[in-house]
Amino acid sequence: MPQSGKLMPNLDEKSTKALNLTVLQRIDPFVEDILITAAHVTFYEFNIDNSQWSRKDVEGSLFVVKRNAQPRFQFIVMNRRNTDNLVENLLGDFEYEVQVPYLLYRNASQEVNGIWFYNARECEEVANLFSRILSAYAKVPTKLKVAPTKSEFEELEAVPTLAVMDGPLEPPSSTVSNVTDIPDDPSFVNFFSVCFLFSFNISDFVTA
């Protein structure tokens, strides 16, 4: 007897990761592994000229990936708001601060962005992975062009995908519609304003 309605595929974590990896490799063929996934994030950008935060046109699933070419580690956001996905390198001049569920970072272009995570646990796990990657990279000589077979990066091979989502790439649209406006509150602006002024300005003095 035929059943009514659509049949939804029952994908386990391994199958979901494999499907997501296939999609990411279409964007970047050098991606070899997904280290961790955050199901839904929203991005904000800081305008240094007027010291204000504004929402970016970037929202979707975040993947921290390892590549078999330089740069070795990146995070990619499959943007559901338009066709431009966000890609950031994790090595080099990348700096970040975290206060769950927000993660603030400055990239090599000196752009300051804020990430809001729908799932606070995913924010913690992504921040911990960032710390491990940056710590491992700091131990590698700067002149090293290709990572050796046995290196500080080896530990990162076994990073579990603890925050992998239930389905491939994007959360259900009903879930997204319920959470997209949550970060628009004064605490968000206050936290990032203080964090920007304290953390990054202080670090500039320390390294000077």
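**View 1. Strand β6 is mostly covered, with 5 of its 5 residues buried.** Buried means under 20% relative accessible area, exposed means over 50%, and partly exposed lies in between (1.4 Å probe, protein chains only). Strands (E, at least two residues) are DSSP runs, numbered from the N terminus. Tyr102, Leu104 and Arg106 point one way from β6, Leu103 and Tyr105 point the other way, and all are buried. The model is predicted: local features need pLDDT of at least 70, side-chain atom pairs count only at pLDDT 80 or more, and totals for chains, interfaces and linings use all residues. Residues are numbered from 1 along each chain as its sequence is written, and side-chain values use heavy atoms, with hydrogens and water left out.

**View 2. Strand β6 (residues 102-106) runs antiparallel to strand β5 (residues 95-99), joined by 5 bridges.** Two strands pair if DSSP finds at least two bridges between them. The two strands form a hairpin with 2 residues between them. Gln99 stands opposite Tyr102, and Val98 has Leu103 as its bridge partner.

**View 3. Arg106 of strand β6 makes a side-chain polar contact of 2.8 Å with Glu95.** A polar contact is a pair of N or O atoms within 3.5 Å; within protein, one must be able to donate a hydrogen and the other to accept it, and residues adjacent in sequence count only if both atoms are side-chain atoms. Arg106 has a relative accessible area of 10%, so it counts as buried.

**View 4. Strand β7 (residues 112-117) is joined to β6 by 5 bridges and runs antiparallel to it.** Tyr102 has Trp116 as its bridge partner in β7. The hairpin formed by β6 and β7 has 5 residues between the strands, and Gln110 in the turn has a positive phi of about 65°.

**View 5. Lys66 and Glu32 meet through their side chains in a salt bridge (3.5 Å, N to O).** Lys66 lies in strand β2 (residues 52-67) and Glu32 in strand β1 (residues 31-47), so the pair ties together parts that are 34 residues apart in sequence. A salt bridge is a side-chain nitrogen of Lys or Arg within 4 Å of a carboxyl oxygen of Asp or Glu. Lys66 is buried at 1% relative accessibility, whereas Glu32 is partly exposed at 33%.

**View 6. Asp57 and Arg81 form a salt bridge between their side chains (2.7 Å, N to O).** Asp57 lies in strand β2 and Arg81 in the loop between β3 (73-79) and β4 (86-89), so the pair ties together parts that are 24 residues apart in sequence. Salt bridges that share partners join Arg55, Asp57, Glu59, Arg80 and Arg81 into one network.

How values were computed: Helix = DSSP H or I, 4+ residues; strand = E, 2+ residues; numbered from the N terminus.
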